Amino acid sequence: MELKFTWIVQVLVAFHAYPSLGFQHILPRDINQQPTRVLGGVTVIDTPLVRAAQAMARQYSEDYLFNHIMRTWLFGALVISHNITLQQTVDLEVHAIGSMLHDLGLVLNASWISHDRRFEVDGAFAATDFVEGQVAHECKGSVWDAHRLQLLFDSVLLSSEPKFSLYKETTVASVVSGVLIDLTTADDGVTSLEYNNVLAAFPKLNFLPGVNQTLVALCTTKPNTTYG
């Protein structure tokens, strides 16, 4: 199984060689004008909903998985910070939440895990349900229309499919860019110093063995919708 996961990483890298050709869209005015904080040397958006998503990820994820999704977010944020086009087209709140919740489908004991859907589908439904619940009850000042929810759903759904996501909206493509850097090395303008600072803040721990174990479990419980 570990060899198969390594093969998956090689495929992801191959697709990463192609730039995002995703649909461009106009961001609502001032949507990215939000408070910020610094994590692992990276300046990121800081809203109540982003903090809630991080808390959810921390609550349900083992250490190795939590660190992976945090690195995914921070690497993606660095890619955006080095690219003027991405700065103008990526919805930073959607990107942050999509990055931190993109592996909810790997939390095998969670209530949102189905018996027959791919883990990415479970995660996409869980992420959008989470945001809708937060907006309705906790973060009532947040403005999330159907388009933003669709961006979030697609970001999670396609987070392991660069052959599709890199041709989607830049918000969606930026999530998988963070995943790819975490599976490989610094790229897309991310410097070695920035990369190492993120790793120091959120080390990889036993990431590969942990993911392999989870994939094996998925192959056992969902043989018809688990590939690798």
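Buried means under 20% relative accessible area, exposed over 50%, and partly exposed in between, with a 1.4 Å probe and protein chains only. The model is predicted: local features need pLDDT of at least 70, side-chain atom pairs count only at pLDDT 80 or more, and totals for chains, interfaces and linings use all residues. Residues are numbered from 1 along each chain as its sequence is written, and side-chain values use heavy atoms, with hydrogens and water left out.

**View A. Asn67 in helix α3.** Asn67 sits in α3, residues 63-81; helices are DSSP runs of H or I with at least four residues, strands runs of E with at least two, numbered from the N terminus. Asn67 counts as buried because its relative accessibility is 9%. Leaving aside residues up to four places away in sequence, Asn67 touches Phe202, Pro203 and Leu205 (contact: heavy atoms within 4.5 Å).

**View B. Helix α9.** Of its 14 residues, 14 are buried.

View C. Strands β1 (residues 36-39) and β2 (residues 42-45) pair antiparallel over four bridges; pairing takes at least two DSSP bridges between strands. Arg37 stands opposite Val44 in β2. Two residues lie between the strands, and Gly40 takes a positive phi near 60°.
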